[in-house]
Structures are given as structure tokens and as C-alpha cells.
Amino acid sequence: MPPQHPVDPPGSRLAALRGPRPPQPYTARKITALTANPACSRRAVLDAAGVDKALLAQRMGYEPRFGQSPFAIAREQAFEALVKWGGYAELIRLLREQLGVPVQEAGVTDLNAVGGDTSLTRRAKETRGLLARLASGSDERLILDRPLLTLEVAGQTAHLEPQALTHRVGGKFYVAEIRSFPAIDGQANPTAVAQTAKQAAVSVLALHRTFEELNLDPEQIAHEFLLICPKDFSNRPYGRLVDLRQELDALRFQLTRLRRADDLALALPPSATLDTDRDVDELDSSVGALDASYTPDCLSFCEMARYCRDEATACASPTRLGGRVRNTLPGVDSTRTALAYLEGVHAPGPAETAAIDQLRAAERLRRLRRGGAA
Amino acid sequence: MSTLAAVAALRATETGRAERLTTVRHAHLDDHPFVLVPLTLAGEACAPLAALAGTDRERPTLLTVRQPRDRAERFRFTQRLAALLLPYIDQCRTAETETYTVGRGAEKEERRRFLRAPQLLVPGGEGIAYVRLLGRLTRLRAVEGPYAVDPSVPALGKWLTWFADRAEFPGSCLFQAMTRLLSAHWATGQSPAEDSHLASLLAWIDPPDGLTGAQAAREAEDPLRFPPAGPATDVVFDQTLHDLMSRYDEAGDGRGREAVGRQIDRELRGQMLPTWELVWRGVDLLRGLPEGGHVAERWTYDRRLFSEYTAYLDEDGRPQARRDHAVGAARRLARLEEAMARYDAERAFDDPLVMAEYELSGEAFTGLVVARDEDRFAPGPRPGSMVWRPTITVHSELPVRLTAGKEVKCPARPGQKAQIVEVVPDGEGHTVVVQLNGGFNRARKPPAPPGTLAEVGETVTYTSVDPKSMPSVLPAEEDTPWTHGGPPEPYEPTDEDAEEIWE
Ligand code: SF4
């Protein structure tokens, strides 16, 4: 499938910042990343503008270490194909076992393309129409393969593509996510499951919004999703329902806290640019003008992490050392200041005194007790 | 993280080098550790790709799988790993033994334990997870019937599972990850997430000449010079490997194929060799630290568990179950907490820099002995009786938060019971009167035998933390002799286990 690019609204400031390159799609992964670090305006604006962050980081001299191994890609595709193989036989078997679907219901609609048209708008429209018919009971399907849902986030339209949606299982719609990490003795890697659950929650939320817009009963949407992954060390699919209520609550809350990306972009001077084909210095000063909020977690999910880390190091941000050091320095916004307090060069303000006294006591004990240990 | 560790990290950002968190080494480092640097194929549950392994730093053995999706090749890999690890374990069990006693009175029993035990080292925490998975994958295999594998495969699986189980227990050194060992002894000026990368961690601890730790750590992130420590591989390297493997598959039989195969081996070795060397450098650095007082005692316990597990394998030999029962898991959790508390207390007794954390929290104090009353008698338990209870008076410059009546101990005289009698403010700190309730080599009256009563002018530390007051380190006798984790749960592998697919 050729990459599908969303279309910019006319006269968009964000589009102007990005320049002539086509925008990167706004995906579930980006939304979960945004909610993982809601204080970061930098990422919010870059994603909303559809900037290719990996390319941007590379242009500024920071090779991001992201990407997928050809082995992992092959495995993922093979597994998804296997689940959907033979008229979705495995998926139907799982649905029967996990959700008690009656055998005879096996209507499937493939939404990867609509009459050969793979454009996002067309697929989204088709998905909406079908959802409306299904939810009102005028049509029946067991499986929607790669439906396309939309969600407004921070003033941008995100396009979401869960692997599958099942309908009319106990009168409810379930999102299904297919992943290639294994469930060994019924247990999958908890971090991977949590990650998938966050992404599924985005799709479920999009489903809710769609239902609201279409005046359909949201009670028909399940607050669980079906996680499908390989069983043990085999390729056999294994399915499990995972509760999403917590993720949904967290996601709704985070989304209300997000400021509109175009408002955030107003902070940039008129000359700013995020066009990856422009001069490095120009890019650097524009990116630098967007507020970041680096934490070591960024290294695991954001292409900009190494750039932001150097910036955080340059301004001695305590957060760069991780939450545990950060927590011993409440109210102190620089490790240099903290060190100056330790040396007695600066006196802390009343709010910091208690914490700094404790640090000084620790420092003194360290000096007294370490003996010959350098 | 403790406040002292946070201060150490702050200092490290200033000095550009890692700062010591301890004055001694709190882990046993064997003379002959078995180092394992594994790699797996991306995207798979547990597909071994390669390993460098062995006890000889100069000559690691290279194991590779040229077609990781081929089941037979995978089992050959585990067989080859078994051929390295099992003889190493056997060397430990044929070594000499010593006798020790368990139980008391009529229950008293003499047992033997080996003087050596195996020590398995991997680069990082993911290596431990890998060993657990590989153990799970191999221990339930059948050695007879249609899905028979070589007997060394399930034997390896049981040992790997045993190692992985032991790795969870604080203080056990049978199976350790180098990053964990190092970060228990040094604080860097970077985050824990970055410390889990062995090359950056070592860069902070021991930067090359002319570079600060911070600079060296950045350079250590270059995957060309320091490939990931595994078992996950570098994505860019995977592209190279993918091409080579495709060529290998297409080459048909014959010499062309063997040539590509050798190239795959070379590439894989190149990915692991830097990590292999880093692990050994970590070994050197740790050996450079003096050993803590309780390390030998903990290793003795490790040797006991090793001896008991070998005995179990000889007598019964069934593998560990697929998953812990809920009861076993709950007991195991309690054991883990106990082990943690004991390990913390022992380290504090062995190391003033660890004890400092208790001083900071008010559970310990240190000061000069300013007076002592050697001839003091106090009312005894029987009415009208008097018992010999000398006191010492200690001045601490820091405030003391322990209160009168509290039972305390001094790490320098761990066999001596003591109790706080009085705490009086004195300048910024406190003066504390400590009564000694024994520990005078059985003497019942003055004078105190030399060395048993602190002298005036001596610096002493007293703490309410006591490693000996912790619940027994030994499992109750009715427990299984070979696990630390709960009642015996030997497992009878089924046909289904034996034929479990490994795709
Ligand atoms: S790495 Fe930078 S841009 Fe990305 S989320 Fe973190 S702070 Fe924001």
C-alpha cells in the first residue's frame, strides 16, 4: 500500500512551517507519545505540522536510533497475514473462543481500500457509513479489516487504523490489535501490552467520537479490546481481552490538557521554519524556540531525544538524570544551582530549604564516610 | 534512589566521572565466572542468533545460528551451549566439599556442600530475561519419543531456569548482570535508563584518557563502535545480516554457502566481541574493590543452594513447572522481601558509606566515645538482683533520632547487644548513653576483656538495623531443599511440552 498523506487545511500556519514536503500522518503512536509527555510543546507542534522528526533530527546532527529490523517487519507481516489467512479463519476461531461468536456470522468487509481507492478520506467515509449502518442494526458484519477512524487531537485530525474491528459480539464493537510479541504461558511482556493498550484506547476513543457525531448509542462500544499475539514460541495466534477503562480515562484527561498545536506555534517568530530542507542553523533556532520537556523516557520513543538531551544537559536540567534524582531536588530547576547550594555558594529560598538541608547532610556524610573510596 | 546516591549523581555531573556509592564490593566475583553474551533474532519470541561464551577471557567460544528460523539449528545451538555450560557446572560439583550442620538438638543433621559454585554473568538485565526464556523453552523437552532432543538440552534448561530464579534474590551472586553489579557500586551523571547500556556505564566509571565520562558515554552510544549489548541487535546491523542470510539461503549447498556462512559468523562475532570485552573490564573494576565482610557468607549460602540443587537433580530431576502456583508465588515474594532487608542490613554493616544512609534517615548514629562506665551494675531480671551492664557515652555531631530504650548494635562488634539509655541534646548533635548487655566473652563482672568495650576516643556507630535479627536466611526444613522459593513443585512434562512448537 503506498503511503497515504493527510491533506492540510488551506492557509495553515503549521503547513507553512513544515514547508513543501508532504505531511507525515498523525497516528495512534503519535497521540500516545503526546500523552506520554503532555508538557512538551516541541513534539506537539512537530507532529501536528507533520514534520518528519527522524529526518529533522538527522539534519541537525542527531542520528535517531529508531527504525525496525527487517526481521521484525517480516515477522509482524507474516503474523498478521496468518491471522487473516483463509478468509480470516484464525481470527474467526479466536472470536468464537474468546467472545462466543456464533459460527454462522462471518460477514467481512476489507477497508484497506474502497473499490481500489486507498485514500484516507475515502476509507474514513466508507468506515463511517458502515459503522452507522451496523450500529443502527440495518447491516451485519463480523469483521471490519483495517477500518479507518478519525480523531481530533490538539486541533489536528488523526487517522487511526486498528487492525480490525468486530461487530455484534454480544451486541458490542470490539477493537482488535494484532501484535507479534509472544504470550508465553499466557503472559506477554507487560510493557508491550501496555503500549498496545494505549494505542487501542486511542481507536476506542475515536470510535466514541464517531458514534457521538452520528448520534449512535456509545453503549455499543466495548471497553475492552482483543489482543492477538503468537502463543508461546509458535506462530499460533492467541487472543485475550484486555480492559481499557483506565487507559481511556487517562487518555481523555490528557487530551483535555493538550493545547492546540497552532496556538503553540504562535510562540514562534514569523521567520521560523521546520522545513527539513532548510538551513541547519535556521532549523536549530526554530526548534529551540519551541518549549521541550525532556525526560530520559524520551529516549525510548521520540526521534528528537538526543537533541533535547543535549539541550537539557546544557541547561543542567535535573530531570535529565531521571525521576529519582529529580525528586530529591524539589523546586530546584538546575543541577548547577543544586551544587552551588551544596557548596554554600548560594543560600536556598524558603521553599527549598528543607530539601537542601537534607542534601547537605547527605553530602557531609558522604565526605565523612567514604574513606579512601574516590 | 537514596539521597546519598542522588548527591553522588550530582557530583558526577560536576566531576565528569562516576562516583563511588560504596567503600567495598558487596558481591562475590568468582575466580572463574562463566560469561555469556547472547544475541537473538529481532521480532521472534526467543530465537537464538549467536553467543560468545566461556570462562576464558582471551578465547571466547563463538556459537552462531545461520538460519535462525530452522528448528533443528536452534536445538543445535542449545546443545552447543549446553556442551559449554554443563561441564563448567560439573567442574564445580566435583570440587571438594565441606561439612556444615543444620537444625538443632535431635533435628541436627550434617550436610555437605561444594567449595565452588558456578557464577554466570551476562552484560545486562535483558540477558537475564533471555536466560529465563531459553530455560523455559528447553527444560520441558523429551529425550525419547518422536520429538526427542539431546539429553543435554533439558538439562541445560533446568540449570538456566535455576540461574534465572536465583538472579531475583538480592545478594545472590550465582547469576548477575554486569550493568546491575556496576550501578550498585557507582553513580554516574546520567539517568538509570542510560546506565542500563553497559558501554555508557563503563565510560562514566572508567573513561579513556583525555575524555570525561560524559563525553565517553556519548561516544559509547555509537553502535558501530559499541554494538548493543544484546540480546537485541542493532537495526542497521540487522539489514546487513538480513542480506547475508538471504544469500546463505540462496547459495544452495557447497562451498559458496560455507563462505557466506563464515561471513555471517564473522559479522556476529564482531557484534558481540566489544560487549564481551566490556563485561570483563567490569569484572576487573569490581575485583579492584575490597570485598565486603558478608560477601563470603552469602556466597557460602549460594554454594549450599547449588549443592542442594545438584543433589535434587540426581535424586529426582524433574524440571520446574511452567508457572509458579499462586501459593508458591506469594511465598516467593515474602522470601524476596526478606532477602532484600537482610542484604541491605548486611551491606550497611560492611560499609560506612551504606550505613551513612541509615544515619541520614535517623536509624543510625556515629560519634566519639567521650566516657565509659566499666563498673556499672543495673537491676537484673530477678527482684533485688544486680547485673553487670557497662555503658559508654557517645557524642554525635549530627542529631540522633533514635530514642531511649531502643535496641542497637555496632557493626564493629556485631555480637554485642546494646540498648540506648539516654539521649541528650549537645550542640547541633546529641550525646547518647549506650548500655552494653553482653558480648564480653562470657565475663559476668569487670574488667571487660580487651577489645570488648569501646575505648574513650574511639569512633563508634550504633544502629537499630541488625542483619542477624532478620528472619532466617534458610528455608524451613520441611521446605524443598533445593529452592529458595517455596514448597517443592517438581513437574512432570507432558507430551504437549515435549512437542511444543518452536517456530
Ligand atoms: S525528546 Fe524532545 S521533542 Fe521529543 S518528547 Fe522529549 S522533549 Fe519533546
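Let me start in chain B, with Pro447(B), which is found in the loop between β16 (429-436) and β17 (459-463); helices (H or I, at least four residues) and strands (E, at least two) are DSSP runs here, numbered from the N terminus. What we are looking at is a predicted model, in which local features need pLDDT of at least 70 and side-chain atom pairs count only at pLDDT 80 or more, whereas totals for chains, interfaces and linings use all residues. Residues are numbered from 1 along each chain as its sequence is written, chains are lettered from A and ligands numbered from 1 in the order in which they are written, and side-chain values use heavy atoms, with hydrogens and water left out.

Back to Pro447(B): a cis peptide bond, with omega about 5°, joins Pro446(B) to Pro447(B). The peptide bond from Gly230(B) to Pro231(B) is also cis, with omega near 0°, and Pro231(B) has its place in the loop between α8 (213-219) and α9 (235-250) of chain B. I point these out because most peptide bonds are trans, and most residues other than glycine have a negative phi.

Is each of them buried or exposed? Arg146(A) counts as buried because its relative accessibility is 18%, while Asn215(A), at 72%, counts as exposed; the cut-offs are under 20% relative accessible area for buried and over 50% for exposed, with partly exposed in between, using a 1.4 Å probe and protein chains only.

Now the ligand, which sits in the largest cavity. By cavity I mean, on a 1 Å grid over the protein atoms alone, a set of points where a 1.4 Å probe fits but cannot get out, and a molecule sits in one if more than half of its atoms lie within 2 Å of its grid points. Among the residues that surround the ligand are Asn37(A), Arg42(A), Arg43(A), Tyr294(A) and Met304(A), where a residue qualifies if one of its heavy atoms lies within 4 Å. The elements that give two or more residues to this shell are α3 (41-48) and α12 (305-314) of chain A.

Returning to chain B as a whole, its secondary structure comes to 14 helices and 17 strands, and its C-alpha atoms fill a box of roughly 95 × 65 × 40 Å along the principal axes. Of the 503 residues in chain B, 55% are buried. One of them is Ala321(B), which counts as buried because its relative accessible area is 16%, and which is found in the loop between α11 (295-315) and α12 (326-350) of chain B.

Finally, chain B has an open sheet of five strands, in the order β4-β3-β2-β7-β8, with mixed pairing; two strands pair if DSSP finds at least two bridges between them. Which strands stand at the edges? They are β4 (61-64) and β8 (175-177) of chain B, each with a single partner strand, so one side of each is left without a neighbour in the sheet. Strand β7 (residues 120-122) of chain B pairs with β8(B) in the parallel sense over three bridges, and Leu120(B) has Phe175(B) in β8(B) as its bridge partner.

Methods:
On a 1 Å grid over the protein atoms alone, a cavity is a set of points where a 1.4 Å probe fits but cannot get out, and a pocket is an open set with protein on both sides within 12 Å along at least five of seven lines; lining residues have an atom within 4 Å of a point.
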